[in-house]
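Start with the open spaces in this protein, then turn to its charged side chains. Keep the model in view as you read.

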Amino acid sequence: MHRRHYLHAYAFISPVIVLFAIFRVWPSMQTLYFSFFKVELLRHRLTFLGFGNFLDMVQDAVFRQALRNTLVYAAVIVPASAALAMVLAVLFTEEFRLKEVFKAVYFSPTVTSTTAAAVVWWWMYNPQYGLINVLLKLAHLPPQPWLLSSHMALSAIIIFSVWKAVGYNMVIYIAGLQAIPAMFYEAATLDGASSLQRFLSITIPLLAPTTIFIVIYNMIFALQAFDQVFVMTGGGPANSTNVVVLELYHQAFQRYRFGYAAAEAALLFVVILSVTLVQHLYSRRFEVAY
């Protein structure tokens, strides 16, 4: 009977396993395989290069800048969105009027298409008639070039991405806060702890597992950023917002260097896997210590 239960379980999940293997595992293996070749699809020809694509990638200044932009983007958006989401989640634990309305407003960017939202923000960032510069003028501040400036474009995209991610992170933090027993806060209040002390000594430590999950989840998606960059800047100006996935897209579908693009994808996979494993190992050590 025990074996029969296993057979039934595998029978039910087998369609998902097959689809995952076809659309995830097999393409990933193909990408890794193509990264060692010069791929000419129209001629149906593969020329073995060994590590030639990877050596070219290391020497490619455009790719190095794309990798640097990706790492900077991820290093800023992940802690910024997590910190802001935690503050909002704590605020929403208090009772006030229109609480659910504000919660829905903050969560709405999560369920909005990234492409559609990026188009709206592109108009808002317009240096001539964009809403953001209009507000700056009303505050007697100088208008900014935003997406037209190589020094500000990446920061503008980061602001958009934080706005897009904070709602999901907030909901996860709210769930984490609801799992914290109220007796901890009651005991701290009886001992005379202030709101800030309770936040620093109880909330942040007990939300650590939730924070680790949010960091890993957001890091994976941040390293794969594409939609917002493609729509808002196309990687410009002067490659200042170019990221790895966008550079991969350019190499594969504009320059038709499919082998080189596969090598970039393989390197990105190694980076994401390494970061995720490090964070996962750290989280396991924390849980053991906790």
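The largest pocket is lined by 26 residues. Nearest its centre lie S28, T31, Q224, A265 and F269. A pocket here is found on a 1 Å grid over the protein atoms alone: it is an open set of points where a 1.4 Å probe fits, with protein on both sides within 12 Å along at least five of seven lines. Lining residues have an atom within 4 Å of a point. Helices are DSSP runs (H or I, at least four residues), numbered from the N terminus.

This is a predicted model: local features need pLDDT of at least 70, side-chain atom pairs count only at pLDDT 80 or more, and totals for chains, interfaces and linings use all residues. Residues are numbered from 1 along each chain as its sequence is written, and side-chain values use heavy atoms, with hydrogens and water left out.

The largest pocket holds about 990 Å³ of space. That volume is the space filled by probe spheres set on the grid points, which are joined across faces, edges and corners. What lines it, by class? The lining has 22 nonpolar residues, three polar and one charged. Ala, Val, Leu, Ile, Met, Phe, Trp, Tyr, Cys and Pro count as nonpolar; Asp, Glu, Lys and Arg as charged; the others, Gly among them, as polar.

The second largest pocket has a volume of about 510 Å³. It is lined by 19 residues, and T114, K164, A165, F221 and Q228 are the closest to its centre. Here α3 (61–91), α7 (153–178), α10 (208–223) and α11 (227–232) give two or more residues each. Its lining divides into 10 nonpolar, seven polar and two charged residues.

Now the charges. The structure holds four salt bridges, each a side-chain nitrogen of Lys or Arg within 4 Å of a carboxyl oxygen of Asp or Glu. E40, R43 and R45 are linked in a network. E40 meets R43 at 3.5 Å, N to O, and R45 at 3.0 Å. E40 is buried, at 17% relative accessibility. R43 is exposed, at 58%, and R45 is partly exposed, at 40%. The cut-offs are under 20% for buried, over 50% for exposed and in between for partly exposed (1.4 Å probe, protein chains only).

Another salt bridge joins E95 to K99, with the closest N and O atoms 3.4 Å apart. E95 is exposed, at 67%, whereas K99 is buried, at 12%.
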